[in-house]
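Here's a quick briefing to read with the structure open beside you.

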Amino acid sequence: MSFFIENWILIAVAFSAGAMLMFPALTSGGGADSLNPAQAVQMMNREKAAVIDVCGADEFAAGHVVGAKNIPLADLEAKLTGAVKNKATPLILVCASGMRSKRAVAVAKKLGYENSHSLSGGMGAWRSASLPVEKA
């Protein structure tokens, strides 16, 4: 017990360092359904993933992933099956920050698109990675 009392600063530093190492993993919005921009590009190139932008038309026109189709989140349930006929096709759902696309993944999975993923960080992360953006 005296070890802990005499070295409480070292113990606090060790716990703080551990917390700082774990923080990015806990807050990245990660998970099995999230992709970072590099993983998204790999999926687009290797698996011919379809990119669906769930932003509104004005946000989509301001800039989107090259080749993305625009289906606003409110219309996703009604229009996704018409836009992507094969439910085995990998989907990458994109929005401005990654929040709406997480909800869109749930909608897509409910419709039977089991290989659906959200772009973690959205278009902000895409632009930060200096990846190509197209304007409509």
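Helices (H or I, at least four residues) and strands (E, at least two) are DSSP runs, numbered from the N terminus. With that in hand, Met1 sits in the segment before α1 (2–6). Keep in mind that this is a predicted model.

**Nonpolar cores**
- The largest nonpolar core has 17 residues, and Ile52, Val54, Leu76, Leu80 and Leu91 are the ones with the most contacts inside it.
- Two or more residues of this core come from each of β2 (50–53), α5 (76–83), β5 (91–94) and α6 (99–110).
- The top contributor is α6, which puts in three residues.
- Apart from this one there's another core, made of 13 residues, including Leu35, Val65, Ile92 and Met123.

**Val54 and Val94 up close**
- Looking past neighbours within four places in sequence, Val54 is in contact with Ile71, Pro72, Leu73, Leu76, Leu93, Val94, Cys95, Arg100, Ser101 and Ala104.
- Val94 belongs to strand β5, and with a relative accessible area of 1% Val94 is buried.
- If you skip residues up to four places away in sequence, Val94 touches Val51, Ile52, Asp53, Val54, Cys55, Val65, Ser101, Leu119 and Met123.
- Val94 and Gly124 are 30 residues apart along the chain, and their C-alpha atoms are separated by 10 Å.

**Cysteines**
- How many disulfides does the count come to? The tally is zero.
- Buried or exposed, for Cys55? Cys55 is buried, with a relative accessible area of 3%, and Cys95 is buried too, at 0% relative accessibility.

**Salt bridges**
- The count comes to four salt bridges, among them the pairs below.
- Lys109 pairs with Asp33, with the closest N and O atoms 3.0 Å apart. Lys109 lies in helix α6 and Asp33 in the loop between α2 (8–27) and β1 (34–35), so this bridge ties together parts that are 76 residues apart in sequence.
- Both ends of that pair count as partly exposed: Lys109 at 25% relative accessibility and Asp33 at 29%.
- Arg100 pairs with Glu59, with the closest N and O atoms 2.9 Å apart. This one links distant parts of the chain, with Arg100 in helix α6 and Glu59 in helix α4 (residues 57–62), 41 residues apart.
- Arg100 is partly exposed at 23% relative accessibility, and so is Glu59 at 30%.
- The side chains of Lys110 and Glu77 meet at 2.9 Å, N to O. Lys110 lies in helix α6 and Glu77 in helix α5, so the bridge joins parts that are 33 residues apart in sequence.
- In this pair Lys110 is exposed, with a relative accessible area of 60%, whereas Glu77 is partly exposed at 41%.

**Surface**
- Which residues make the nonpolar surface patch of about 530 Å²? Met1, Phe3, Phe4 and Ile5 do.
- Met1 is exposed, with a relative accessible area of 74%.

Conventions: Residues are numbered from 1 along each chain as its sequence is written. This is a predicted model: local features need pLDDT of at least 70, side-chain atom pairs count only at pLDDT 80 or more; totals for chains, interfaces and linings use all residues. Side-chain values use heavy atoms; hydrogens and water are left out. A disulfide is a pair of cysteine sulfur atoms within 2.5 Å. Buried means under 20% relative accessible area, exposed over 50%, partly exposed in between (1.4 Å probe, protein chains only). A nonpolar core is a set of buried Ala, Val, Leu, Ile, Met, Phe, Trp, Tyr and Cys residues joined through side-chain atoms within 4.5 Å. Contact means heavy atoms within 4.5 Å. Patches are made of residues with over 30% relative accessible area and no salt bridge: like charges are joined within 9 Å, nonpolar side chains (Val, Leu, Ile, Met, Phe, Trp, Tyr) within 5 Å. Accessible areas come from the Shrake-Rupley method with a 1.4 Å probe; for residues, only the protein chains shown count as cover.
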